[in-house]
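Biologist: Please take one part of this model and walk me through it closely. I would like the strands, the turns and the residues around them in one connected account.

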Amino acid sequence: MTTQAGFKSVANGYFYATQTNGVWHLATSGTSGATRGYFRYLGYDVNGNVISDQQFPADLEGGYIPVTASTQLVSNPWNNATAKQICSVANGYNKPDS
């Protein structure tokens, strides 16, 4: 079974879904082959923006690594060659005049 970024199987998820040709479809609890899980997005708002499901499991196994006092951050990533290579957002950032 392939994994689609828009749905994650989780034993206590509040949605039921079935997968056909790699695409997950909303189902009911009695549907044959249905699995429980979460969809990444719940729908759209009145302006057409997607509404994220806050219960969707983290993409990074084990969760996200929090920033702590011992975390080494890159100062001014828009001026850092390594950061520019890693992150196109940093590469495209134009620092506003202070």
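Modeller: Start at a side-chain pair. T31 and T28 make a polar contact through their side chains, at 3.0 Å. This is a predicted model, so every value here is computed from predicted coordinates. T31 sits in the loop between β3 and β4, and β4 covers residues 35-39. With a relative accessible area of 32%, T31 is partly exposed. Across space, T31 faces another threonine: its C-alpha lies 8.0 Å from that of T18, although the two are 13 residues apart in sequence.

T18 takes us into the strands. T18 has H25 in β3 as its bridge partner. The two strands involved are β2, residues 15-20, and β3, residues 23-27. They run antiparallel, and five bridges join them. Together β2 and β3 form a hairpin, with two residues between the strands.

Look at the turn of that hairpin. N21 lies in the loop between β2 and β3. Its phi is near 50°, a positive value in a residue that is not glycine. N21 counts as exposed because its relative accessibility is 78%, and the cut-off for exposed is over 50%.

G13 is placed between β1, residues 7-9, and β2. At 0% relative accessibility, G13 counts as buried, because the cut-off is under 20%. What does G13 touch, leaving out residues up to four places away in sequence? The list is R36, G37 and Y38.

Aromatic rings come next. A search of the whole structure finds five aromatic pairs. Y14 and F15 make a tilted pair, because their ring centres are 4.8 Å apart and their planes meet at 55°. Y14 counts as partly exposed, with 42% relative accessibility. Both residues belong to one aromatic cluster, made up of F7, Y14, F15, W24, Y38 and F39.

D53 lies in the loop between β6, residues 50-52, and α1, residues 81-86. Leaving aside neighbours within four places in sequence, D53 is in contact with Y14, F15, Y38, F39, R40, Y41 and L42. What is the charge setting of D53? D53 is buried and has no salt bridge. The nearest side chain of opposite charge belongs to R40, and it is 10 Å away. R40 is also on the contact list of D53.

β5, residues 41-44, runs antiparallel to β6, and three bridges join the two strands. G43 has I51 in β6 as its bridge partner. This hairpin has five residues between its strands, and G48 takes a positive phi near 85°.

The protein chain holds two helices and six strands. Read along the sequence, the pattern is β-β-β-β-β-β-α-α. Of its 98 residues, 14% count as buried. Among contacts with a separation of 6 or more, 31% are between residues 24 or more positions apart.

Technical notes
Residues are numbered from 1 along each chain as its sequence is written. This is a predicted model: local features need pLDDT of at least 70, side-chain atom pairs count only at pLDDT 80 or more; totals for chains, interfaces and linings use all residues. Side-chain values use heavy atoms; hydrogens and water are left out. Two strands pair if DSSP finds at least two bridges between them. Helices (H or I, at least four residues) and strands (E, at least two) are DSSP runs, numbered from the N terminus. Buried means under 20% relative accessible area, exposed over 50%, partly exposed in between (1.4 Å probe, protein chains only). Contact means heavy atoms within 4.5 Å. Rings of Phe, Tyr and Trp (its six-membered ring) pair if their centres lie within 6.5 Å; planes under 30 degrees apart count as stacked, over 60 as edge-to-face and the rest as tilted. Lys and Arg count as positive and Asp and Glu as negative; His and the chain ends are not counted. A salt bridge is a side-chain nitrogen of Lys or Arg within 4 Å of a carboxyl oxygen of Asp or Glu. A polar contact is a pair of N or O atoms within 3.5 Å; within protein, one must be able to donate a hydrogen and the other to accept it, and residues adjacent in sequence count only if both atoms are side-chain atoms.
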